[in-house]
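Welcome! Here is a short tour for someone meeting this structure for the first time. Take a look at the sequence and the model, then read on.

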Amino acid sequence: MEESFPMTGGDGPYSYAKNSNRQKEAAESAKAMLVAAITENLEINKHNICPISNSFRIADFGCSTGPNTFIAIDTIIEAVCKTYHESTFVHNPEFHVFFSDHVSNDFNFLFTNLPKDRSYFAAGVPGSFHNKLFPRASLNLAYSSHALQWLSKTPMEVTNPSSPAFNKGKIFYAKAVEQVCEAYKRQHEEDLASFFGARSEELAPGGLVAILMSGREDESSPSQVSLGPLFEPLESTLIEMANEVCMSSSSLFIIKYVRSDIKLLYIFKQILMPYISTKENYQILLSSYLYSLSTFS
């Protein structure tokens, strides 16, 4: 089984549920953009909606334990209903929402706190979003918020003492040598390729992907605008613990609090191309991904 590093579950003082206000604020500030992206880009017609069940399937990749995922789903459903009302469809669809995160995510807490007045059927889908998690052409809308920046694994080069990218004593790359930055960049590109490769198969015709994640200006350095400064106190504390033999120094390398702030739009364009099989899919995927990315980042 692959390594899994989910957010802290439950509702304790260190849980994600009690420490995710920044993510909530970012999602709320982007609500109008998300609604606009859906109403202006989502295609709803008889060819991509099941005529028998009239179901609309939504997946939140990296849902964690709530409550932010519930807020996002309500916003998405609101936008989809608005799109239905502006189309020739008389009735809203039945919504089926899939909450997806690592296998070890606290799904018990998530489902215990599902809104009682929700207007959708809910299901959990455990697994890494870097892999395919749904049948082909089964999703109408895929959503991910503050999750896609997490790497699937630590680049091997930064843990190899004989590598120029060896990043000893650090958990971040902000003030590291160029080889370290390049190692994280390559890993992020591989992860993005895996993510979009899977989603390109799972999306139904006319479907949409909406992504909320942070980025930085092109030509800017990681130390200027990244989260590097925020991690420096944590990094120094962990180094002190390692020196005092409270933890193994090698453990510093497996901490997943690393990210790769790269030029998003350029990288996404390069990564999407191999997964576009037809001109029609090209128009759907490219406009959907890049609209959401350009407005959110």
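## Before we start

Contact here means heavy atoms within 4.5 Å. Helices (H or I, at least four residues) and strands (E, at least two) are DSSP runs, numbered from the N terminus.

This is a predicted model, in which local features need pLDDT of at least 70 and side-chain atom pairs count only at pLDDT 80 or more, while totals for chains, interfaces and linings use all residues. Residues are numbered from 1 along each chain as its sequence is written, and side-chain values use heavy atoms, with hydrogens and water left out.

## How confident is the model?

The predictor's confidence in each residue is its pLDDT, from 0 to 100. The protein chain averages 78, and 72% of the residues score at least 70. Residues 249-269 have a pLDDT below 50, and this stretch makes 75 contacts in the model beyond near neighbours in sequence. Residues 275-297 also fall below 50, with 55 such contacts beyond near neighbours in sequence.

## Two helices that pack

Two packed helices are described by the angle between their axes and the distance between the axes. Axes are lines fitted to C-alpha atoms, for helices over the stretch in contact, and angles run from 0 to 180 degrees between N-to-C directions. For α2 (residues 31-41) and α3 (residues 68-85), the angle is about 35° and the axes are 9 Å apart.

Which residues of α2 meet α3? They are Lys31, Leu34, Val35, Ile38 and Thr39, and their partners in α3 are Thr75, Ile76, Glu78, Ala79, Val80, Lys82 and Thr83.

Most residues other than glycine have a negative phi, and most peptide bonds are trans. In the loop between β1 (55-61) and α3 you will find Pro67. The peptide bond from Gly66 to Pro67 is cis, with omega near 5°.

Ser64 also has its place in the loop between β1 and α3. Its phi is near 60°, a positive value in a residue other than glycine.
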